[in-house]
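Colleague: I'd like to learn how to read helix packing and pockets in a model. Can you walk me through it?

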Amino acid sequence: HWGWGLVLLYILQGLGRGVYESTNKGIFADFFPGPLSPGAFGNCMMQSTAAFTICFLLSGDFAAELVWVVLVLSSCTAPALGLAQLLKSRQSKE
């Protein structure tokens, strides 16, 4: 039934995942250089896995509400990154 639509869906998902993974890992590497990186990447993996698990477990009963939760939290990403950069620049000046 899906035909080429399913192929396109997998291609788009792969492209989106590739952009997310590379950008996410690059930001973590910038913020946690050298000896801090193993712990930071471990923490990143734990947070990602926990979020995917929670979304999967709640998707059956709370699908409509979960969409809004994900939308609100994802919209906080850019301001949180800006705040993190500001705090890091203040910390490096000290």
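Modeller: Helices are DSSP runs (H or I, at least four residues), numbered from the N terminus. Here helix 3 and helix 4 pack at about 30 degrees, with axes 4 Å apart. This is a predicted model, where local features need pLDDT of at least 70, side-chain atom pairs count only at pLDDT 80 or more, and totals for chains, interfaces and linings use all residues. Residues are numbered from 1 along each chain as its sequence is written, and side-chain values use heavy atoms, with hydrogens and water left out.

Colleague: How are helix 3 and helix 4 oriented to each other, and why?

Modeller: Angles under 35 degrees count as roughly parallel, over 145 as roughly antiparallel, 65 to 115 as roughly perpendicular and the rest as oblique. Helix 3 and helix 4 are therefore roughly parallel. Contact means heavy atoms within 4.5 Å; Leu-73, Ser-74 and Ser-75 of helix 3 make it with Thr-77, Ala-78 and Pro-79 of helix 4.

Colleague: At what angle do helix 1 and helix 2 pack?

Modeller: About 140 degrees, with the axes of helix 1 (residues 4–31) and helix 2 (residues 37–58) 10 Å apart. That pair is therefore oblique. Among the contact residues are Tyr-20, Asn-24 and Phe-28 of helix 1, and Phe-41 and Cys-44 of helix 2.

Colleague: How much space lies in the largest pocket?

Modeller: On a 1 Å grid over the protein atoms alone, a pocket is an open set of points where a 1.4 Å probe fits, with protein on both sides within 12 Å along at least five of seven lines; lining residues have an atom within 4 Å of a point. A volume is the space filled by probe spheres set on the points. Here that gives about 1200 Å³. Of 29 lining residues, Tyr-20, Asn-24, Phe-28, Gln-47 and Thr-77 lie nearest the centre. Helix 2 gives the largest share, 8 residues.

Terms used:
Axes fitted to C-alpha atoms, helices over the stretch in contact; angles between N-to-C directions. Helix = DSSP H or I, 4+ residues; strand = E, 2+ residues; numbered from the N terminus.
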